[in-house]
Amino acid sequence: MSAKLYLIPNFLSENFSSHLIPEAVREIVKDLRCFVVEEKASAQRFLKTIRNDFPLTECTFFEFNEHSNLQDAQEIFKSLQGQDAGIISEAGMPCVADPGQEIVLLAHENNWEVIPLAGASSIVLALAASGLNGQNFAFNGYLPKDREPRIKKLKALEERSCREHQTQIFMEAPYRNQHLLEDILKVCSLNTFLCLAVDVTGPAEFIKTMTIKEWRKLKPPIQKKPVLFLLQK
């Protein structure tokens, strides 16, 4: 029987809404003792949150994050020694706008069973709540940090959205959110739709879709908050 690699959904915010982790997921996770995580301490907090008596001292944690590479993944996979394991990201679903795909690919190459568990994904939740095209969309990750290439990318995404009737989804580091919003409101067409999905599932959740023209009148403060931007022309 092949080993199993479970993709374990984490909470999206420190709100820790218990309903976001289904009971079936909790039942599977409680029997795992081997985890690939972005950061050990936060993964341990997550495990203790879903089960207060989780035996952390019996567990092995391998850190794999944005600073890790393929060689790191290979060493971790070798260390798993065929044990069932779980991947836990800092928030939401592993491997979706988060590290871990190298581990998953190695699992496939070694005939492991890869099992994604049900849970929240900020990208999916934001898209569903946006009212924008959910049949044709693209996630673009982070835009360029420097303003000139960022504006160029924004224009290209807007043009692609119009040409393909495709929702363009992207994100930014919280401390640069306001700068990105200002650029969007400056360079995008007045009739282009923009959805701001702020702190999804968190205590400060705010999801709103309006045209650029309407957003220019509001300009909400989003600095230092997790935000997904969804654009459709």
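Trainee: Hi! Which side chain does the side chain of E66 make a polar contact with?

Mentor: The partner is the side chain of H67, at 3.4 Å. A polar contact is a pair of N or O atoms within 3.5 Å; within protein, one must be able to donate a hydrogen and the other to accept it, and residues adjacent in sequence count only if both atoms are side-chain atoms.

Trainee: What should I know about the model itself?

Mentor: This is a predicted model, where local features need pLDDT of at least 70 and side-chain atom pairs count only at pLDDT 80 or more, while totals for chains, interfaces and linings use all residues. Residues are numbered from 1 along each chain as its sequence is written, and side-chain values use heavy atoms, with hydrogens and water left out.

Trainee: Thanks. Where is E66 placed?

Mentor: In the loop between strand 3 (60-63) and helix 3 (70-80). Helices (H or I, at least four residues) and strands (E, at least two) are DSSP runs, numbered from the N terminus.

Trainee: Is E66 buried or exposed?

Mentor: E66 is exposed, with a relative accessible area of 58%. Buried means under 20% relative accessible area, exposed over 50%, and partly exposed in between, using a 1.4 Å probe and protein chains only.

Trainee: And what is E66 in contact with, apart from neighbours within four places in sequence?

Mentor: E38 and P99. Contact means heavy atoms within 4.5 Å.

Trainee: E38 is one I'd like to follow. Which residues does S89 touch, not counting those up to four places away in sequence?

Mentor: S89 touches E38 too, along with N10, P94 and D98. S89 lies in the loop between strand 4 (85-88) and helix 4 (101-109), and S89 is buried, with a relative accessible area of 2%. Its side chain also reaches the backbone oxygen of A91 at 3.1 Å.

Trainee: Let's go to helix 4, then. Which residues are buried there?

Mentor: I103, V104, L106 and A107 are buried in helix 4. They cover an arc of only 160° around the axis, which puts them on the same side of helix 4. The arc is that of the directions from the helix axis to the C-beta atoms.

Trainee: What do the buried residues of helix 4 pack against?

Mentor: They pack against strand 1, strand 2, helix 3, strand 4 and strand 5 (113-116). Just after helix 4, N111 takes a positive phi of about 60°.

Trainee: Which residues of helix 6 are buried?

Mentor: R150, I151, L154, L157, E158 and S161. Seen down the axis of helix 6, they fall within an arc of 120°, so they line one face of the helix. An α-helix has 3.6 residues a turn, so residues three or four places apart point the same way.

Trainee: What's on the other side of helix 6, and what covers the buried residues?

Mentor: E148, K152, E159 and R163 are exposed on that other side. The cover of the buried residues includes strand 6 (137-142), strand 7 (167-171), helix 7 (177-187) and strand 10 (227-232).

Trainee: What follows helix 6?

Mentor: H165, whose phi is positive, near 50°, although H165 is not a glycine. At 47% relative accessibility, H165 counts as partly exposed.

Trainee: New topic: how many aromatic pairs does the structure hold?

Mentor: There are 5. Rings of Phe, Tyr and Trp (its six-membered ring) pair if their centres lie within 6.5 Å; planes under 30 degrees apart count as stacked, over 60 as edge-to-face and the rest as tilted. One of the pairs is F11 with F46, edge-to-face at 5.7 Å centre to centre and 70° between the planes. F11 lies in the loop between strand 1 (4-8) and helix 1 (23-29) and F46 in helix 2 (residues 40-50), so the pair ties together parts that are 35 residues apart in sequence.

Trainee: How is the pair of F35 and F61 arranged?

Mentor: F35 and F61 are stacked, 5.7 Å centre to centre with 20° between the planes. Both are buried, and ring pairs link F35, F54 and F61 into a cluster.

Trainee: What sits over the ring of F54?

Mentor: The charged end of R33, 5.4 Å from the ring's centre. A charge sits over a ring if NZ of Lys or CZ of Arg is within 6 Å of the ring centre and within 35 degrees of the ring normal.
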